[in-house]
Amino acid sequence: MSAVPTAPNPSESFRIRNKGQALLLWLAVLIPLLAPAVAMCMLWGRWVGWIDVGLLFGMYILCGLGITVGYHRMLTHRSFEAHPIAKFTFLALGAMSGMGPPLIWAITHIHHHACSDDDGDPHSPWDWVDRARKIRKTGFRQFNRAHVLWVVYGDSLTGSTSGQWLRKDSMVTWLSRWDVYTAILVLGFVIPFLIGGWQGLIWGGIVRMGLTHHVTWSINSVCHIYGRRSFDTPDCSKNNWIFGVVGFGEGWHNNHHAFPRSAFHGLRWWQIDTSGYVIRCMELLGLAKAVWRVPKDKLRNRLAVAEASRNAP
């Protein structure tokens with residue numbers, strides 16, 4: 001697990017300072033949610049074509065893997081080392097998702113692990129009630145904060161000193177430049193438009209972005225409230241099989257918090273982990289090396305400790 005990060009310099013932190021900034025961010029959040037309704041109105045009286053469906057799921061898979069394999073496991077947790085071409089490809093796909101530049105995304109996630117469900121966590125769905133007794137509470141307000149409000153009203157961590165290795169990575173810093181990031185983000189809309197026209201833009205661009213955002217945000221919110229725990233961790237992370245499937249393996253969130261560096265979040269044969277399968281294929285093809293796996297004895301010991309804890313009176 002990463003060391004506890006240094007708090008960001010308040011002078012360098014970013015908070016919504018005017019109504020214009022808040023409006024733009026709210027539109028970025030809400031428009032993808034409204035896109036399915038608009039698309040259905042446009043499709044009134046006709047069937048959705050296979051191109052539309054293909055663009056929606058094709059772009060969702062590519063951009064989703066850009067986040068899970070590229071931004072998350074490769075970049076933030078250094079679960080494996082990728083060939084430069086593979087590294088660039090996955091980081092560019094992550095940028096197309098609209099989840100932010102890779103440097104900012106990774107630093108935010110480092111803080112999440114360092115302060116998970118505690119003070120300093122950028123997107124915890126829990127509030128402390130009695131710190132001495134470690135009583136936590138959650139509700140609609142906390143859930144919304146963890147799911148989406150942290151994007152609009154949360155502090156930026158650009159002043160943080162975390163992730164120094166990321167700042168020394170020329171590819172990461174170049175892709176995190178706002179002009180470069182914006183160009184790649186726009187490309188994520190241009191591609192479906194060129195293939196499917198305006199309808200392709202709606203399904204493969206806007207609807208896809210909304211789906212990607214809310215599945216990813218659900219790992220922050222849903223997977224810290226609903227699900228099962230295989231391991232004792234100091235946070236409230238849960239394994240949620242639904243988001244294990246639709247989130248390309250990210251829903252095995254308790255597994256991930258127990259072993260943050262593991263390239264594989266599905267630690268049982270039945271825990272579907274699409275991102276893990278992709279990393280295995282990359283390893284076989286020579287596109288990934290130094291792939292980090294949980295030692296079997298360490299896995300058995302952690303499972304035994306968790307089982308003993310559950311059976312304790």
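A residue counts as buried when its relative accessible area is under 20%. In this predicted model, Cys63 falls in that class because its relative accessibility is 0%, and Cys236, with a relative accessible area of 10%, is buried as well. The two cysteines are set out below.

| Residue | Relative accessible area | Class |
|---|---|---|
| Cys63 | 0% | buried |
| Cys236 | 10% | buried |

A disulfide is a covalent bond between the sulfur atoms of two cysteines; a search of the whole structure finds 0 disulfides.

Two packed helices are described by the angle between their axes and the distance between the axes. For helix 2 (residues 50–76) and helix 4 (residues 102–114), the axes come within 10 Å and cross at roughly 65°, and the crossing is right-handed. On the side of helix 2, the contact is made by Ile67, Tyr71, His72, Leu75 and Thr76, while helix 4 contributes Pro102, Trp105, Ala106, His109 and Ile110. Sorted by class, this contact has 7 nonpolar and 3 polar residues, with no charged residues.

Helix 2 also takes part in covering helix 11 (residues 274–284), whose buried residues are Ser275, Gly276, Ile279 and Met282. These four lie on the same side of helix 11, because they cover an arc of only 120° around the axis. An α-helix has 3.6 residues a turn, so residues three or four places apart point the same way. Besides helix 2, the cover over the buried residues of helix 11 includes strand 1 (81–82), helix 3 (84–96) and strand 4 (288–289). Just after helix 11, Gly286 takes a positive phi of about 80°.

Key:
Residues are numbered from 1 along each chain as its sequence is written. This is a predicted model: local features need pLDDT of at least 70, side-chain atom pairs count only at pLDDT 80 or more; totals for chains, interfaces and linings use all residues. Side-chain values use heavy atoms; hydrogens and water are left out. Axes are lines fitted to C-alpha atoms, for helices over the stretch in contact, and angles run from 0 to 180 degrees between N-to-C directions. Helices (H or I, at least four residues) and strands (E, at least two) are DSSP runs, numbered from the N terminus. A crossing is left-handed if the near helix is turned anticlockwise from the far one by less than a right angle, and right-handed if clockwise. Contact means heavy atoms within 4.5 Å. Ala, Val, Leu, Ile, Met, Phe, Trp, Tyr, Cys and Pro count as nonpolar, Asp, Glu, Lys and Arg as charged, and the others, Gly among them, as polar. Buried means under 20% relative accessible area, exposed over 50%, partly exposed in between (1.4 Å probe, protein chains only). The arc is that of the directions from the helix axis to the C-beta atoms. A disulfide is a pair of cysteine sulfur atoms within 2.5 Å.
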